[in-house]
Amino acid sequence: MLINLQEMLRYAAEKKIAVGSFNVYNVESLQAVVHTAQHLQSPVIISFGEAYDRHMPLEAMAELVKFYTAGADVPMVLHLDHSKETKVIFRALRAGFTSVMFDGSKAPLEENIRMTRQIADIAHALDVSVEGELGYMNPEDGSDSSGQPEEKSYTTVAAAKAYAASSGADALAIAIGNAHGIYQGTPRLDFVRLAEIRQAVEIPLVLHGSSGIPAELLQKAIRLGIRKININTEVSTAGIAAAREFLAVHKDKNTRFETMAKAAEEAMMTVIQEDIQCFSLVK
């Protein structure tokens, strides 16, 4: 069943856990997320990035998600990830997404707040949640990630307070040393900054760029108030690695694409299961 992000994060706060948000871009990745969530009987966020719209129309993904979640007995969210275009957000609202992210992080704070407020007013009237972002995060494809993000790009406490008070957003993605893509070294998260932001605002906090962050650091972030954790790269690369292994063994010219895709899907399920268990079994 589909619920909105606000309901999901309320559940996460009650349980003192984080809910995993996993990017999907085709049938296999979607099945990997839905089947794993059902197997573990664990809530999950199905995330479709604005950038994927050129590979599959978001309307098509929305219909697929509705089909796969119709009979599911665990709650799930259909979330539009990192959308910078209001026209794409409006398409997602019409298509049945239950959560949308407006990424105004590159705009001045006042402009980010104003735009988020406009989107939130419309989305809330449709019972759809809104996520926003503050602080610099490199592009979602992992480019422009040459090393540890600079502290000057982190979310400030003052900006988080202003944003939470006026934007109308239901969740806030923050930058505390996290980055999209593959890390060049061991990530260093600013837990002091996270604790300060958590103390200053009531809005649920989100950690993007979590692929490659060690489990113990993610669990510490959860204990300090992170309620949604985004994972993409490590699931995608697991699928690619499985596909390469499959093709290295199955060299016959009659090898079927769908059998290779199934091998990739199973590899993605393994990673998703490990992540969900990490986020929900916080020590």
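Tutor: Buried means under 20% relative accessible area, exposed means over 50%, and partly exposed is in between (1.4 Å probe, protein chains only). This is a predicted model: local features need pLDDT of at least 70, side-chain atom pairs count only at pLDDT 80 or more, and totals for chains, interfaces and linings use all residues. Residues are numbered from 1 along each chain as its sequence is written, and side-chain values use heavy atoms, with hydrogens and water left out.

Student: Where do Glu-265 and Lys-262 lie?

Tutor: Both lie in helix H10, 3 residues apart, about one turn of the helix. Helices (H or I, at least four residues) and strands (E, at least two) are DSSP runs, numbered from the N terminus. An α-helix has 3.6 residues a turn, so residues three or four places apart point the same way.

Student: How many salt bridges does the count come to?

Tutor: The count comes to 9. One of them joins the side chains of Glu-59 and Arg-91, at 2.8 Å from N to O. Glu-59 lies in helix H3 and Arg-91 in helix H4 (residues 86-95), so the pair ties together parts that are 32 residues apart in sequence. Glu-59 is partly exposed at 31%, and Arg-91 is partly exposed at 22%.

Student: Which residues are linked with Glu-59 in a network?

Tutor: Asp-53 and Arg-91, through salt bridges.

Student: New topic: strands. How many residues of strand E2 are buried?

Tutor: 6 of the 6, so E2 (residues 44-49) is largely enclosed by the rest of the structure. Val-44, Ile-46 and Phe-48 cover one side, and Ile-45, Ser-47 and Gly-49 the other. In a regular strand the side chains alternate between the two faces of the sheet.

Student: What does E2 pair with?

Tutor: Strand E1 (residues 19-23) pairs with E2 in the parallel sense over 3 bridges. Strand E3 (residues 76-83) pairs with E2, also parallel, over 6 bridges. Pairing requires at least two DSSP bridges between the strands. Phe-22 stands opposite Ile-46, and Ile-45 stands opposite Val-77 in E3.

Student: How does the chain cross from E2 to E3?

Tutor: Through helix H3 (residues 58-69), in a right-handed β-α-β crossover. Right-handed means that, with the strands pointing away from the viewer, the path from the first strand over the helix to the second runs clockwise. E1, helix H2 (residues 27-40) and E2 make a right-handed unit too.

Student: Last one. Which residues touch the most other members of the largest nonpolar core?

Tutor: Phe-22, Ile-46, Phe-97, Val-100, Leu-205 and Phe-279, out of 70 residues. The largest share, 6 residues, comes from helix H10 (residues 257-280). A nonpolar core is a set of buried Ala, Val, Leu, Ile, Met, Phe, Trp, Tyr and Cys residues joined through side-chain atoms within 4.5 Å. Apart from this core lies another, of 13 residues, among them Ile-45 and Val-77.

How values were computed
A salt bridge is a side-chain nitrogen of Lys or Arg within 4 Å of a carboxyl oxygen of Asp or Glu.
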